[in-house]
Amino acid sequence: MLEQLNQAMDHIEDHLDQSIDVVGLARIAATSEYHLRRMFSALAGMPLSEYIRRRRLTVAGAEVLAGRDSLLDIAVRYGYGSGEAFARAFRAVHGVGPGDARRTGAALVSQPRLTFRLTIEGSSSMRYRVVDRPAFTVAGLKARVPLVHTGPNQAIIEFVRGIDPGILERLEKLSDQEPQGIVAVCDDLDPSRAEGTELDYYQGVITSAAAPEGMSALAVPAGTWAVFTTSGPAPQAIQSLWRDVFTQWFPSNPYRSRPGPEILRTSLSPDRTEADAELWLPVEREQS
């Protein structure tokens with residue numbers, strides 16, 4: 001997988017002054033567009049689209065400082081329809097406009113070219129299983145919240161705190177499938193997985209029953225799921241599990257992520273500082 005991913009990085013470098021089709025990149029990486037975006041974000045710490053934008057503006061920055069071509073020629077070469085659009089994008093990355101950069105020889109920001117390597121630490125084994133599941137329903141309360149990669153998600157914390165415990169007790173009685181009990185479900189995430197983009201967050205249960213009146217329901221079709229378990233400090237252990245799945249497990253196993261909700265069942269210690277967690281991710285086998 002990493003060899004093909006690096007071939008996709010080579011393709012980006014060769015086509016920074018052309019339109020880059022992510023579907024074509026996924027074909028080079030021998031995976032789906034969905035999984036490529038998901039994998040890249042986890043490995044690089046930024047969305048694929050942001051990396052391409054930063055690489056283009058890094059190369060464009062060098063051409064701006066070289067002074068051989070007009071700023072408009074450089075803007076058009078790297079896909080900007082006007083000098084104003086190029087100047088805004090340039091300033092957002094470099095902190096200075098292209099005209100000022102050329103006049104003053106300002107120091108610019110460089111986005112290095114990425115190459116991916118798999119580092120095997122071997123300090124612990126990742127506990128997982130792969131299961132096929134029939135269709136089921138997520139029933140519960142829903143909120144639209146921002147995506148937070150590290151640290152507490154304050155929007156989720158406030159949403160959960162505002163739920164009447166009696167409602168959760170009613171919901172828990174509907175739980176009749178794995179993972180049992182109250183679960184957190186994330187769905188409809190932005191393909192970029194960028195920090196601050198929004199997602200649907202459910203606090204609910206996995207059930208074959210209909211959602212109670214006044215609550216939200218998410219119908220989930222039959223499919224294959226990879227189930228991962230971890231224990232450790234909350235929320236760091238859970239957030240690290242998400243990262244490790246995409247940086248270690250997927251590159252080493254013949255599966256890729258597929259569209260669908262991500263389900264997390266968490267059991268907290270009495271002081272809420274430690275957690276046992278079970279993460280369910282929708283997957284499919286990579287096609288050979």
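The following questions and answers go through a predicted model of one chain.

Colleague: What conventions apply to the numbering and the values?
Modeller: Residues are numbered from 1 along each chain as its sequence is written, and side-chain values use heavy atoms, without hydrogens and water. As the model is predicted, local features need pLDDT of at least 70 and side-chain atom pairs count only at pLDDT 80 or more, while totals for chains, interfaces and linings use all residues.

Colleague: What percentage of the 288 residues count as buried?
Modeller: Buried means under 20% relative accessible area, exposed over 50% and partly exposed in between, with a 1.4 Å probe and protein chains only. Of the 288 residues of the chain, the share that counts as buried is 47%.

Colleague: Which residues touch the most other members of the largest nonpolar core?
Modeller: A nonpolar core is a set of buried Ala, Val, Leu, Ile, Met, Phe, Trp, Tyr and Cys residues joined through side-chain atoms within 4.5 Å. In soluble globular proteins, nonpolar side chains tend to be buried together. The largest core here holds 49 residues, and the members touching the most others are Ile-12 and Phe-86.

Colleague: Which helix gives the most to this core?
Modeller: Helices (H or I, at least four residues) and strands (E, at least two) are DSSP runs, numbered from the N terminus. With 7 residues, the one that gives the most spans residues 236-252 and is helix H10.

Colleague: How many residues are in the second, separate core?
Modeller: Ile-156, Leu-171, Leu-189 and Val-205 are among the members of this second core. Its number of residues is 17.

Colleague: Which side chain of opposite charge is nearest to Asp-187?
Modeller: Lys and Arg count as positive and Asp and Glu as negative, with His and the chain ends not counted. Asp-187, in strand S3 (residues 183-187), is buried yet has no salt bridge, that is, a side-chain nitrogen of Lys or Arg within 4 Å of a carboxyl oxygen of Asp or Glu. Contact means heavy atoms within 4.5 Å, and beyond four places in sequence Asp-187 touches residues including Leu-199, Tyr-202 and Arg-144. The nearest side chain of opposite charge is 7.4 Å away and belongs to Arg-144.

Colleague: Why does Cys-186 count as buried?
Modeller: Cys-186 also lies in strand S3. Not counting residues up to four places away in sequence, Cys-186 touches Leu-199, Asp-200, Tyr-201, Pro-261 and Glu-262. Cys-186 counts as buried because its relative accessible area is 13%.
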